Amino acid sequence: MKKVRLSKSCLGTEEKEAVARVLEAEFLGMGTDVQKFETALQAYMGTKKDVICVNTGTAAIHLAALAIDLGPGDEVLIPTITYLASFQAISATGAKPVAVDVLQDSLFIDLADAEKRITKHTKAILPVHYASDSSRMNAVYSFAEKNNLRVIEDAAHSFGSTRNGQKIGCEGDILCFSFDGIKNITSGEGGAVVTSDKLVAQRIRDARLLGVENDTEKRFSGQRSWDFDTTRQGYRYHMSNIMAAIGISQLAKIDRFGAKRQELVACYRSKLQACPAVEILNLDFENIVSHIFVVKILTGSRDRLRGEMLEKGIESGIHYKPNHLLSLYRSEYPLKTAEKAYDQILSVPLHPDLSNADVEMISDFILGRVR
Ligand SMILES: *Cc1c(COP(=O)(O)O)cnc(C)c1O
């Protein structure tokens with residue numbers, strides 16, 4: 001029986017050769033390959049904003065939060081349905097992640113609920129491009145302006161997508177991407193912050209290398225910092241040349257990966273949209289590169305269906321358990337839409353190595369079993 005994976009890295013000889021070249025050069029840490037990857041990302045997105053690569057998407061959010069001076073006593077509004085990383089990256093600064101409900105049809109942050117969670121301690125909002133969609137971001141920026149909040153966009157799902165006719169990364173205050181193994185492109189592990197705020201960019205550049213001032217600039221010109229100063233807490237969050245080499249090879253494939261993901265999603269939608277037991281999320285499918293494809297199973301039989309799929313060799317997922325139900329982040333208030341969605345959401349396999357025939361087989365299986 002062929003096993004169908006929920007998600008996976010899609011690698012070719014290009015990545016292997018690129019890593020071999022770094023190993024051959026015997027400079028594995030952060031050097032000019034990272035600079036090349038940053039420049040290539042900037043060119044791909046078509047932005048003049050600063051791009052700073054780090055070792056995970058979680059580190060990208062953590063450093064972005066530190067760079068805008070979030071810390072103990074501050075509160076940050078976050079949709080409760082997101083990867084644990086969004087919450088952990090904020091609580092790592094000492095600030096409190098405040099769970100917010102999501103919209104029923106898209107699982108994007110619900111600004112009406114966010115309004116209720118505002119206190120005098122609220123400093124920032126962290127909207128998540130859930131399932132790659134950030135088409136409702138204009139409303140977030142209006143909300144942020146009205147309430148004097150900084151915006152950090154969790155763009156971990158949406159690399160390669162477009163919004164308002166431009167690549168994700170062109171618009172917005174501070175965006176954080178992830179290049180972990182299963183994201184739209186990977187650098188093994190990895191992440192990046194994109195911002196036009198020069199102070200934030202410089203703080204992140206330094207903080208990824210233990211806070212050594214201007215160490216990035218030295219390394220990119222082939223030097224090391226022997227005489228240096230540091231004034232802020234830093235971390236070992238930099239990206240390595242090995243990771244950057246994988247990332248550069250993957251970036252060259254993003255158009256192909258993106259087209260493939262769009263084709264597979266179109267196939268799922270055409271197969272499943274007529275089924276009354278299955279709800280497809282209301283997302284901007286024309287413009288996004290879907291990292292995950294999520295449907296709601298409306299018959300209360302999601303878990304039974306998942307079991308049957310697994311017996312058939314089809315993996316599935318639940319993106320995500322609401323964070324306000326976790327011990328560390330438990331809220332005193334219910335978030336009804338998210339809790340209801342949590343019982344219904346099902347992520348079906350999606351990665352560029354799937355075929356339309358795979359998607360048809362998976363869809364037919366669901367159609368035959370959902371009741
Ligand atoms: C993957 C992901 C992250 C974190 O990225 P890592 O690179 O895995 O640390 C953050 N937020 C969301 C929504 C993600 O899916």
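Around the ligand stand 16 residues, of which Gly57, Thr58, Ser178, Asp180 and Lys183 come nearest; a residue is near a molecule if one of its heavy atoms lies within 4 Å of it. This is a predicted model, in which local features need pLDDT of at least 70 and side-chain atom pairs count only at pLDDT 80 or more, while totals for chains, interfaces and linings use all residues. Residues are numbered from 1 along each chain as its sequence is written, and side-chain values use heavy atoms, with hydrogens and water left out.

By class, the shell around the ligand holds five nonpolar, eight polar and three charged residues. Here Ala, Val, Leu, Ile, Met, Phe, Trp, Tyr, Cys and Pro count as nonpolar, Asp, Glu, Lys and Arg as charged, and the others, Gly among them, as polar.

Threonine 58 places a polar side-chain atom 2.6 Å from an oxygen atom of the ligand. For lysine 183, an N or O atom in the side chain is 3.1 Å from a ligand oxygen atom, and for tyrosine 320 a polar side-chain atom lies 3.3 Å from one. The protein covers 95% of the 380 Å² of accessible area that the ligand has on its own (Shrake-Rupley method, 1.4 Å probe). H3 and H4 are the elements that give two or more residues to the shell; helices are DSSP runs of H or I with at least four residues, numbered from the N terminus.

How do these two helices meet? H3 (residues 57–67) and H4 (residues 84–91) pack at an angle of about 35°, with axes 8 Å apart. Axes are lines fitted to C-alpha atoms over the stretch in contact, and angles run from 0 to 180 degrees between N-to-C directions. Thr58, Ile61, His62 and Ala65 of H3 make the contact with Ala85, Ser86, Ala89 and Ile90 of H4, where contact means heavy atoms within 4.5 Å. These residues divide into five nonpolar, three polar and no charged.

Tyrosine 320 lies in the loop between helix H11 (302–311) and helix H12 (336–344).

Note on methods. A polar contact is a pair of N or O atoms within 3.5 Å; within protein, one must be able to donate a hydrogen and the other to accept it, and residues adjacent in sequence count only if both atoms are side-chain atoms.
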